[in-house]
Amino acid sequence: MKDIEQIKKEAEKKLNAINTQEELDAFLIEYFGRKSGVLNNILKSLKDLSIEEKKEVGKKANQLKEFLQKKAEEKKQVIFQNKIKIQEEKEKIDITAPSKYHKTGGLHPLDYINQKAVSIFESMGFEVVEGPEVENEFYNFDALNIPKHHPARDMQDTFWLDVDSLLLRTQTSAVQVRYMQKNLPPLRIVSPGRVFRRESTDATHEMQFYQIECLVVGKDISLANLKSLLEFFFSGLLEKSQVKVRFRPSYFPFVEPGVEVDVSCFLCRQKGCSVCKNTGWIEVGGAGLVHPNVLETAKISSRDFSGLAFGMGLDRIAMIKYNIDDVRLFYSSDLRFIKQFSK
Ligand code: PHE
């Protein structure tokens, strides 16, 4: 009997010191093992005792067994809960911690230029207007003073669709009359978007590219307004404090006069480099004063109102700015290309 008390104390002490499932398993074998477990040994030793003693010791032994089973079960629960706690601690997510993955995304360089260009016009109160990529012949050509069979149509090789004089727009200028038919002057809009031309592709030509169009119609709009507007715009877009703008006479059927727009080279600051071919100027787009025929087509009086229009391609600007030597990379869906621009 004394032994059993002793065994109980010892076992309890051992159990209390146990921290892991492995230790508990070893304990269970030590006490409950069939062959030489402590409890079985007690029961085996009963045979040498008198009947009275057997009864008493047997009872005590069973009590001890139940007691230890209960304690072991409790211990098992504690170990299990601890394990979960440790696991939770490991997997804890701190939603305020900076992301490990913040470097994987990046704006496409064309998106960057586009968003920046649009936001500069917005800061001047321009409305952002979008037109359809599948356009009809009227808005893309006729309404822009480019009649059928006029050689000017050949300036822009066109993807025609099989139905209803539909085409893929060749220029964002197609939004001009669309918008003016529905809105009275004074008006100022900016319209970015994708345009298409039937070209064979190479490092500097794609059959799709991005343009941004700007249109202002009001009283006494002049080339001086156009120039100051473009100087402000390009100084913001190219992040140079003073970009100079130069006009060269040119021909676009929907403007009169029409000009080619150059900006002072933003790479070499007009000292001469390969991009500006040592001229100090980079050609960026076309512009002019809206042709009276275009205003009249939109039912706006060309006597009372005048307008300015400007259009430029974004791809070339992005290529110069980011030193990209092949325009096709923009449309290649190649992640390695995009990743260069992630901040
Ligand atoms: N739409 C012309 C082009 O794609 C550019 C342009 C826009 C010229 C507005 C004059 C005025 O070439």
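A residue is called buried under 20% relative accessible area, exposed over 50%, and partly exposed in between (1.4 Å probe, protein chains only). The legends below describe a predicted model, in which local features need pLDDT of at least 70 and side-chain atom pairs count only at pLDDT 80 or more, while totals for chains, interfaces and linings use all residues. Residues are numbered from 1 along each chain as its sequence is written, and side-chain values use heavy atoms, with hydrogens and water left out.

View 1. His108 lies in the loop between α4 (51-91) and α5 (109-123); helices (H or I, at least four residues) and strands (E, at least two) are DSSP runs, numbered from the N terminus. Because its relative accessible area is 16%, His108 is buried. Apart from its neighbours within four places in sequence, His108 is in contact (heavy atoms within 4.5 Å) with Phe330, Phe337 and Ile338.

**View 2. The ring pair Phe234 and Phe310.** Rings of Phe, Tyr and Trp (its six-membered ring) pair if their centres lie within 6.5 Å; planes under 30 degrees apart count as stacked, over 60 as edge-to-face and the rest as tilted. By this rule there are 13 aromatic pairs. In one of them, the ring centres of Phe234 and Phe310 are 5.9 Å apart and the planes stand at 85 degrees, so the pair is edge-to-face. The pair links distant parts of the chain, 76 residues apart: Phe234 belongs to helix α8 (residues 223-237) and Phe310 to strand β9 (residues 306-313). Phe234 has 0% relative accessibility and therefore counts as buried; Phe310, at 1%, also counts as buried.

**View 3. The ring pair Phe252 and Phe254.** The centres of these two rings, Phe252 and Phe254, are 6.2 Å apart and their planes are at 40 degrees, so this pair is tilted. Both Phe252 and Phe254 are buried.

**View 4. A cluster of rings.** Phe121, Phe126, Phe233, Phe234 and Phe310 are linked into a cluster by ring pairs.

**View 5. Charges over rings.** A charge sits over a ring if NZ of Lys or CZ of Arg is within 6 Å of the ring centre and within 35 degrees of the ring normal. The charged end of Lys8 is placed over the ring of Phe67, 4.4 Å from its centre. Lys219 lies over the face of Phe305, with 4.7 Å to the ring centre.

**View 6. The strand residue Val134.** Val134 is located in strand β2 (residues 134-136). With a relative accessible area of 42%, Val134 is partly exposed.
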